[in-house]
Amino acid sequence: MIIDTLNRSHIYSGTHPYFEGAFALAEQLIKENAEVGKYYGENGVYASVSEYDSKAEADPKFENHHDYIDIQIVVSGKELELVGDTADAKLTVEYIPDIEFYSTPECAVQTVTLCNGKFAIFFPGDLHAPGLAFGGVSSPIRKIVVKVPVDFE
């Protein structure tokens, strides 16, 4: 897992050969104030722009991905994400492309706050429960999730 701000995204270009294009796609969508929907980049990279109200933390849904790395960018609003490791939780919903769900991890759950251009990169094995209300108060969120294929040629 990586947490940072968009103005430093260039630091992570060497982490995966498609990250540079993934961040360029996200920045283009932000600049154009893209409508809610799905947008395609190169090399199997795609992004989803969404708007929703953050939700209560009472029953977080922890998810994991195998085929894609998530780059989750909060464009406006403020949300919490709970994060953990698949090794510390039980699988509750078998993998269906590209998601599986887990119980709340038994140890080492961390809280990440994303707002105004902050992003989190979740690799396979990084459990995350996104979209939670900061301070327990629901608020509107505008977010871009860029999906980057794990495998590359």
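A nonpolar core is a set of buried Ala, Val, Leu, Ile, Met, Phe, Trp, Tyr and Cys residues joined through side-chain atoms within 4.5 Å, where buried means under 20% relative accessible area and exposed means over 50% (1.4 Å probe, protein chains only). This is a predicted model, in which local features need pLDDT of at least 70 and side-chain atom pairs count only at pLDDT 80 or more, while totals for chains, interfaces and linings use all residues. Residues are numbered from 1 along each chain as its sequence is written, and side-chain values use heavy atoms, leaving out hydrogens and water.

Let's start inside. The largest nonpolar core has 22 residues, and F19, I71, F119, I121, V146 and V148 have the most contacts within it. Among the elements that each supply at least two of its residues are α1 (19-31) and β12 (140-149); helices (H or I, at least four residues) and strands (E, at least two) are DSSP runs numbered from the N terminus. The largest share, six residues, comes from α1. A second, separate core of eight residues includes L82, A89, Y102 and L132.

Now for the charges. Seven salt bridges turn up across the whole structure, each a side-chain nitrogen of Lys or Arg within 4 Å of a carboxyl oxygen of Asp or Glu. In one of them, the closest N and O atoms of K147 and D70 are 2.6 Å apart. This pair links strand β12 to strand β5, 77 residues apart. K147 is buried at 10% relative accessible area, and D70 is buried at 2%. By contrast, K90 and E106, which pair at 3.1 Å (N to O), are both exposed.
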